[in-house]
Amino acid sequence: MVKLAEWQGKAVFRKYGVPLPQGEVAHSSDEAEALVREGKVSLPCVIKAQVLAGGRGKGGAVRFANSPEEVRAAATAILGLDFKGETVRELLLEEKLPIGRELYVAMTLDRSRRLPLLMVSARGGVEIESVADEEIDRQTVDPFPGLTGYEKRRAAKALGLAGPPVRSLEELLDSLWRVFQQEDAELVEINPLAVVGDGLVALDAKVIIEDDAAFRHPEYAEVRDDRTELEEIAREKEIAFVQLDGNIGVIANGAGLTMATLDVLKELGGAPGVFLDLGGTDDPKKVTEAFLLMARAKPAAVFLNIFGGITRCDTVAKGLVEAMRQVPAADRFPLVARIRGNNEAEGIAILRAAGVTAVPDLRESAKAAVEAARRRL
Ligand code: GDP
Ligand code: MN
């Protein structure tokens, strides 16, 4: 996923005529202070951490300053901060506008209806996940005519706008639509969109470019995203690997089984950590590679849930046993396996011979994994 930082999203917005506060990027408190001293950013100003996680306002990663000294102090406080697991290395300094209401506007994709979706809410400035469903107005958009006058007027009404700001909203929605289409975005979100006098200004920008369209946008090739270091390695090896907060590693095959396995562990009081989807592979080399990557995430225990359809249980088992041998002794962890299907008996025998707890029943084996992880805490 190509997630643009706020300042990058705003650079895109600027190209399409979305109204923005005047702003500059800084990488040090010296640079931040100089920007206001030289008048490149006017006072009072806003200092914003450029991290991909939301909730910066509440989390102390958005600050206000009235003097160059305050700018320096705020920049010093934010730079280097660990914000939801991401270190702050960049700041965006912007003029502080006298804002009226804060609105929410976004264009995304309704995947079940296979249509672009315009979402607006008069409850901007808070995370959209916490806004009640009835307070969000949703309209699917036919991609061929694009946004129509009717849709724009309905959005204005839902936002409680009347008079001159309606015209501003219509222009802004046209720009938003063009960003969404021409940049192949899967999400373009402005939260808050602030009412400033008769106009509207995008105070924040969240832009996510659709992965499958990346080949059309070489300009985004260098954009950092929120993959962890291990996820990045996995991506290069084409292994489906995701790091969560828990301590139980999960290896399964197929997205559905992988998700169900996470659910079962959670239900039994476990905390899934890394999960790894072997997909259709039973290539022992690939299994070994995936397993070694899992070991690097240092799980307290690993739960293996394999259904042998295309994949053969015995070849997966062989790959795993081989991989386990390669994990340094200090990094070893208990492994619990539930392995069913094609060549199941052979698979179980191979695993048991290698000292792996292999139980065919899902709940029983998941419970064993949860307990194994708990014992290691
Ligand atoms: P987020 O919390 O990570 O989404 O960060 P935002 O960019 O949305 O900023 C959080 C909040 O800071 C906004 O909801 C505004 O209330 C406030 N804020 C940001 N820029 C300005 C500004 O120029 N003027 C004023 N008055 N408030 C601002
Ligand atoms: Mn925001």
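Predicted model: local features only at pLDDT ≥ 70, side-chain atom pairs only at ≥ 80, totals over all residues.
Local features need pLDDT of at least 70, side-chain atom pairs count only at pLDDT 80 or more, and totals for chains, interfaces and linings use all residues. Residues are numbered from 1 along each chain as its sequence is written, chains are lettered from A and ligands numbered from 1 in the order in which they are written, and side-chain values use heavy atoms, without hydrogens and water.

Start at the metal. Ligand 2 is a manganese ion, and its protein donors are Asn-191 (O) and Asp-204 (OD), lying 2.2 Å from the ion. Donors are N, O and S atoms within 2.8 Å of the metal (3.2 Å for Na, K and Ca); water is not among the atoms, so sites may look incomplete. Helices (H or I, at least four residues) and strands (E, at least two) are DSSP runs, numbered from the N terminus. Both Asn-191 and Asp-204 are buried. Buried means under 20% relative accessible area, exposed over 50%, and partly exposed in between (1.4 Å probe, protein chains only).

Now turn to ligand 1. It has 18 residues around it, and the closest are Lys-48, Arg-56, Gly-57, Glu-102 and Asp-204. A residue is near a molecule if one of its heavy atoms lies within 4 Å of it. Strand E3 (45-49), strand E4 (62-65) and E11 each supply at least two residues of this shell.

Which atoms touch the oxygens of ligand 1? An N or O atom in the side chain of Lys-48 is 2.5 Å from one oxygen atom of the ligand. For Glu-102, a polar side-chain atom lies 2.7 Å from an oxygen atom of ligand 1. Asn-191 uses a polar backbone atom, 3.1 Å from an oxygen atom of ligand 1. The protein covers 85% of the 570 Å² of accessible area that ligand 1 has on its own. Such areas come from the Shrake-Rupley method with a 1.4 Å probe; for residues, only the protein chains shown count as cover.

Next, the backbone. The peptide bond from Asn-191 to Pro-192 is cis, with omega near 10°. Pro-192 is in strand E11. The bond from Leu-43 to Pro-44 is also cis, with omega near -5°. Pro-44 lies in the loop between helix H2 (29-37) and E3.

Two residues other than glycine have a positive phi. For Asp-184, phi is near 55°. Asp-184 sits in the loop between helix H5 (164-182) and E11, and counts as buried because its relative accessibility is 16%. For Lys-298, phi is near 50°. Lys-298 is in the loop between helix H8 (284-296) and strand E17 (301-308). At 56% relative accessibility, Lys-298 counts as exposed.

Strand E11 also holds Leu-193. Leu-193 counts as buried because its relative accessibility is 0%.

Finish at Glu-231, in helix H6 (residues 229-236). Glu-231 has a relative accessible area of 12%, so this residue is buried. Its side chain reaches the backbone nitrogen of Gln-243 at 2.7 Å. A polar contact is a pair of N or O atoms within 3.5 Å; within protein, one must be able to donate a hydrogen and the other to accept it, and residues adjacent in sequence count only if both atoms are side-chain atoms.
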